[in-house]
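Work through the exercises below with the structure open. Try each task before reading its solution.

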Amino acid sequence: MLARLSLGDASVQELAQPFQISMPAISKHLKVLEGAGLITRGRQAQFRPCKLQVQPLKQAVDWMEEHRKEWEQRFDRLDAYLQELQSHVANTQVSAAPSVSPTPKKRKK
Amino acid sequence: MSSVSPFSISRTFKAPLELVYEVHTKAEHLGKWFGPAGTVVKKFEMNFFVGGVNHYCIEIPGGVEMWGRQTYLEIVPNQKIVHVQSFSNEAGEITHHPMSPTWPAKMHATTTFEVDGDGTKVTVTWLPYEADEVETATFDAARDSMSGGFKGMFDNIETYLASLQ
């Protein structure tokens, strides 16, 4: 529905066309999207064209992309940290203790 | 219309499963990697048990503090950690996303661990949690926009819409 609106304003009938759901269901969903600020609707009594509100949707999409980037970076750090822990375990095994613990004590830099 | 498909991300690490799981379970480990690049984990109060709450603070470049809160729902050692993820304030109260007020205040986050070759695959999956219709619609719209291929239009669409008015 939002994809259709990204091409331009549309009436409820036009929006409903591709979906196999009832008009009341469509209306209910539009009300939710309107409540979320994702769309606005015209005020003519019969024909109330829906308009996509770009800004709120963009903020949500930006946040999701940001979230993904954040996790990619987090995974990068986790990867480096795991390598560091494992090299530490290896060093400990060679140099001193027969400890095979996968959880070395916190190291001071 | 509730969310059916989650948002997820995964990565395979060259480390044994027990170790990868372990670094998700202790504050001393999380403090080392949980903050994204360029950030500093200033506080990580951890209570790793079902019902336990984590409260943390990540300082992003520029000195801005971002507080977060996690509540554990399910813990299956070496397999799965399920928690509720929220934005928070210093007092530990749940808050909304500062820039996207209709973004779900609570997200259901599942982290799974599985052996993948000689490494360990970690998958993190999110869904809105106890979300109202508006929050769910916002999540769905963002996810669909990202995966549905019309996110690329955003750069042009504002200009285009402005030209129509």
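Two exercises on a predicted model follow.

Residues are numbered from 1 along each chain as its sequence is written, and chains are lettered from A. In this predicted model local features need pLDDT of at least 70 and side-chain atom pairs count only at pLDDT 80 or more, while totals for chains, interfaces and linings use all residues; side-chain values use heavy atoms, without hydrogens and water.

**Exercise 1. Describe the interface of chain A and chain B.**

Step 1. Count the residues in contact (heavy atoms within 4.5 Å). Chain A contributes 44 residues and chain B 53.

Step 2. Find the buried area, the accessible area (1.4 Å probe) that two parts lose on being put together, summed over both. The value is about 4,900 Å², and carbon and sulfur atoms give 70% of it. In chain A, the residues that lose the most area to chain B are A:M64, A:F75 and A:R77, together 15% of what that side buries.

Step 3. Look for salt bridges (a side-chain nitrogen of Lys or Arg within 4 Å of a carboxyl oxygen of Asp or Glu). The rule finds three across this interface. One of them joins A:K28 to B:E133, with the closest N and O atoms 2.9 Å apart.
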